[in-house]
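Here are a few exercises to work through with the model open in your viewer. Try each task before you read its solution.

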Amino acid sequence: MSTREELLKAACRHFGEGGYGSTPLSAIAGTCGIRTPSIYAFYKNKDALYLAAFRHVLESHYLFLKRAVEAKKDAPPEEQLFSILRGLVDFHDQETELTQFYKQAYLVPPHHLKAEMDETFRHYDRLLSALVDGILQRLIDEGIVAKGNRQAVLAAWFCLMDGIFLEMFYYPKEELDERLCMIWKIFWDGLKNSRTDDRSDSQCKNL
């Protein structure tokens, strides 16, 4: 592991534990066995290191899910779609330090870095949306899911992912796995029978 990679790993750990304001660069440098000024050979300042760590978390998350889908490339598209949810749980279960940092950054972001963090989040959100949308297109092409408002389906999908992410902090793994299967069945049945045309949208607005 290079010094730059060690710094990213240490930054995720320390920022996850103490947040931006309570984490001195000296703590990160000490974990890597270097002096604090040596950090500036790799990152301009604390802000740059924090943003790099944030990008690292989102990129790691996206690549993990992409590999999960690629591992199911010969499987039916519904299995590919479920592999993203399974991958979501597996990633956060395995990458505990990255997950802790993500929670910290999401709940208490440094105010002066929020705009750049939001831009980074939207970038990886678009990549993940494209990954999901590609599977949805296969489902439509094969006649499994009706052609309709893809943006509505994607919105529901990401709401599902966010909900499962929260479930991870409420339930032990075995119970979570059972809940994941039940949740998926309801979502999948609904997706196959969904109507996402303009009329259903207008009805929702009148509720």
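For residue classes, Ala, Val, Leu, Ile, Met, Phe, Trp, Tyr, Cys and Pro count as nonpolar, Asp, Glu, Lys and Arg as charged, and the others, Gly among them, as polar. You're looking at a predicted model, where local features need pLDDT of at least 70, side-chain atom pairs count only at pLDDT 80 or more, and totals for chains, interfaces and linings use all residues. Residues are numbered from 1 along each chain as its sequence is written, and side-chain values use heavy atoms, with hydrogens and water left out.

**Exercise 1. Describe the lining of the largest pocket by class and by helix.**

Step 1: sort the lining by class, which gives 16 nonpolar, two polar and three charged residues.

Step 2: find the centre. Of the 21 lining residues, Y102, Y106, F121, D162 and F165 lie nearest to it.

Step 3: assign the helices (DSSP runs of H or I, at least four residues, numbered from the N terminus). Helix 3 (46-70), helix 4 (77-94), helix 5, helix 6 and helix 7 (150-167) each bring at least two residues to this lining. Helix 7 gives the most, with five.

**Exercise 2. Follow the salt bridges of D189.**

Step 1: set the cut-off, a side-chain nitrogen of Lys or Arg within 4 Å of a carboxyl oxygen of Asp or Glu.

Step 2: pair D189 with K185, whose closest N and O atoms are 3.0 Å apart. The two are separated by about one helical turn because they sit four residues apart in helix 8 (residues 173-192).

Step 3: D189 is partly exposed at 27%, K192 is partly exposed at 34%, and K185 is exposed at 51%.

Methods: On a 1 Å grid over the protein atoms alone, a cavity is a set of points where a 1.4 Å probe fits but cannot get out, and a pocket is an open set with protein on both sides within 12 Å along at least five of seven lines; lining residues have an atom within 4 Å of a point. Buried means under 20% relative accessible area, exposed over 50%, partly exposed in between (1.4 Å probe, protein chains only).
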